[in-house]
Amino acid sequence: MRGFETGQTVVRRDGHRSGRVWSELALRVVADTGEALVTACAPSAQARWPALYAQARAQEDRAVRTEAFDAMAAGEWELAAGMWQETDLLLWKPPRSWFSVNAFFVPDRDGRRLRNWYVNFEHPTRRTGAGFDTLDLTVDLVVAPDLARWEWKDEDEYAHVRRLGIVSDTEQEAVDAARGEVLAMLTERSGVFAQAERWASWRWEPAWPTPCLPRPAATTRR
């Protein structure tokens, strides 16, 4: 499949093994190389995610997030329109890795600053004509801007989705291996972290319109 052009809109889709779409997010391409697909979005970028997940975000209620995972396990959810908020996001996704490295930027007096790095453990990329498919496997690693400190996030939710069977034994093994790979990258300052200073200075291109999802929305992967 042909590579994506810089500035092109692409769609990240998280898909359930049933074939149903769990979430969609519109992104713009920063770079597409053999090493990684680098994409970005800014506040007001269009998204679609499960209605329960949207409710959990609005109410900041983790109990409702648990309900959303229960609905996922049952294969019963409806997508609701959403919008990316507050941060500029830079997403670095190696094609065969069980993770992506994300950088979140927030406003400050000089424009934008890097708030933190965020490693999302997820399925390897499957390219589509409109973007790429993956699946967020819940557990994450939050890393300080200077890479000096990090902590695991959502281990409780990861244990819950394991109990529900959303994450299989095979997927858990892949995540465990990916955890070690990411920690080695941090220690050695390799992979994306070898260019951490360059990526930390990245800014959203003002000429780019806010990313929008195509319509009508697809509810199953192809």
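Where is Leu147 found? Leu147 sits in the loop between β11 (136-143) and β12, and this briefing returns to it at the end. The model is a predicted one, where local features need pLDDT of at least 70, side-chain atom pairs count only at pLDDT 80 or more, and totals for chains, interfaces and linings use all residues. Residues are numbered from 1 along each chain as its sequence is written, and side-chain values use heavy atoms, with hydrogens and water left out. Helices (H or I, at least four residues) and strands (E, at least two) are DSSP runs, numbered from the N terminus.

**Salt bridges**

- A salt bridge here is a side-chain nitrogen of Lys or Arg within 4 Å of a carboxyl oxygen of Asp or Glu. By this rule the count comes to 18 salt bridges.
- Arg48 pairs with Glu24 in a salt bridge, with the closest N and O atoms 2.8 Å apart. Arg48 lies in strand β4 (residues 46-50) and Glu24 in strand β2 (residues 21-32), so this pair ties together parts that are 24 residues apart in sequence.
- Arg48 and Glu24 are buried; buried means under 20% relative accessible area, exposed over 50%, and partly exposed in between (1.4 Å probe, protein chains only).
- Arg65 and Asp154 also meet through their side chains in a salt bridge, at 3.8 Å from N to O. Arg65 belongs to helix α2 (residues 62-74) and Asp154 to the loop between β12 (150-153) and α3 (155-164), so the pair ties together parts that are 89 residues apart in sequence.
- Arg65 is buried, and Asp154 is buried too. Both are part of a network of salt bridges that links Arg62, Arg65, Lys153, Asp154, Asp156 and Glu157.
- Lys93 and Glu122 form a salt bridge of 3.0 Å, N to O. With Lys93 in strand β6 (residues 88-93) and Glu122 in strand β8 (residues 111-122), the pair ties together parts that are 29 residues apart in sequence. Both residues are buried.

**Strand β4 and its partners**

- Four of the five residues of β4 are buried, so β4 is largely enclosed by the rest of the structure.
- Two strands pair if DSSP finds at least two bridges between them. β2 and β4 run antiparallel and are joined by two bridges, and Leu25 stands opposite Ala47 in β4.
- β4 also runs antiparallel to strand β5 (residues 79-83), with five bridges joining them. Gln46 has Met83 in β5 as its bridge partner.
- As a rule to keep in mind, in a regular strand the side chains alternate between the two faces of the sheet.

**Two helices side by side**

- Helix α1 (residues 51-59) and α2 pack at an angle of about 170°, with their axes 8 Å apart. Axes are lines fitted to C-alpha atoms, for helices over the stretch in contact, and angles run from 0 to 180 degrees between N-to-C directions.
- α1 and α2 are therefore roughly antiparallel to each other (angles over 145 degrees count this way).
- The contact (heavy atoms within 4.5 Å) includes Leu52 and Tyr53 of α1, and Val64 and Arg65 of α2.

- Most residues other than glycine have a negative phi.
- Leu147 has a positive phi of about 70° although it is not a glycine. Leu147 is buried, with a relative accessible area of 4%.
- Arg189 has a positive phi of about 55°, and it is not a glycine either. Arg189 lies in the loop between α4 (169-188) and α5 (196-200) and is partly exposed, with a relative accessible area of 36%.

How values were computed
Angles under 35 degrees count as roughly parallel, over 145 as roughly antiparallel, 65 to 115 as roughly perpendicular and the rest as oblique.
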